[in-house]
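Let's take a friendly walk through the inside of this protein. Here are the sequence and the model to follow along with.

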Amino acid sequence: MQAAIVEAPGKVSVTTVPDPTPGPRDVVVSVASCGLCGTDLHILQGEFAPTLPLVPGHEFAGEIVGVGRDVTELAIGDRVAVDPSLHCHECRYCRSGRGNLCERWAAIGVTVSGGAAEYAVAPVANCVRLPEHIDVKDAALIEPLSCAVRGYDVLSSTLGAEVLIYGSGTMGLMMLELAKRTGAAGVDVLDVNPERLATASLLGCSRSAAAADELDRPGGWDVVIDATGNAAAIQDGLGRVAKGGTFLQFGVADYATTAVIEPYRIYNQEITITGSMAVLHSYERAAALFATGVLDPAVFISDRLPLAQYPQAIDRFKAGIGRKIVVEP
């Protein structure tokens, strides 16, 4: 089969690899679409502790074409979206229900071969059957949506909150859509990319701007979300949180990224700084939300490229062009 391979830091290609074989409780998925995200860039940089070479792709969906001998829940022909999370179920974090913090954390497309290929293997427990009205080529959006759902689980949003989101890429736009549905009184979005900012306006943000200084809110925002991972945006966002407010680090920063906090201000104004890591008990809920039409795939997916153009898709994503880019074998 054809697959994208991250051969070494900074080097990715498409080549022929052996077809995957399922274990007893695995299925083989014929991949219909596989999304690219910031994590893929970190993997390309050699971060996220990947063992290279690796087939990337943790956002994917497709049709089951093979099943392990002990699989009874799903059958060949079922269309599924795949939760990439692989938890050990044994460490203290897994036993306390925090599998996303697993001491042996792993994920399909991050630590083992993923969906940037014609076929991918996944545990049957990680597969969610798709309803008939869902186009399987759109269902790669379910995994990033499940990360956004996890972000709002962490926030435990208060009704009537004023929200500021840094970044209007795929994840910032998903956080916008969820903020609108979790009782926010207003959702402002910042981005230096005018095209992406226009999409945020299209989706109904309250206000949009290139910088927070362009928006009139002297007391700050109740909830500030960084969906960029950019050091300058993070630093600016930390200073925009209102008294009693919350800053959510949602974007994935480089390992070396740092920011300065003001401990007295955090203490005196009772500011909460928190993070949200990947998926946790949120994938099935994201699939259910997706089935209701919470996202418009025509808006979110800007580019559909053949798998053979995976290196070009990565370059396009790295350049900040478009929104969600998917490859389709």
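## Starting from I142

Leaving out residues up to four places away in sequence, I142 touches A81, L130, Y283, A286, A287 and F290, where contact means heavy atoms within 4.5 Å. This is a predicted model, in which local features need pLDDT of at least 70, side-chain atom pairs count only at pLDDT 80 or more, and totals for chains, interfaces and linings use all residues. Residues are numbered from 1 along each chain as its sequence is written, and side-chain values use heavy atoms, with hydrogens and water left out.

## Two nonpolar cores

A nonpolar core is a set of buried Ala, Val, Leu, Ile, Met, Phe, Trp, Tyr and Cys residues joined through side-chain atoms within 4.5 Å. Buried means under 20% relative accessible area, with exposed over 50% and partly exposed in between (1.4 Å probe, protein chains only). The largest such core has 47 residues, and I142, L145, I165, L176 and I225 touch the most other members. Helix 3 (142-155) is among the elements that give two or more residues to this core, and its seven residues are the largest share. A second, separate core of 35 residues includes V31, L54, I108 and I314.

## One face of helix 8

Helices (H or I, at least four residues) and strands (E, at least two) are DSSP runs, numbered from the N terminus. In helix 8, Y283, A286, A287 and F290 are buried. Viewed down the axis of helix 8, these buried residues fall within an arc of 100°, so they line one face of the helix; the arc is that of the directions from the helix axis to the C-beta atoms. Their cover includes strand 4 (59-67), strand 5 (79-82), strand 9 (127-129), helix 3 and helix 9.
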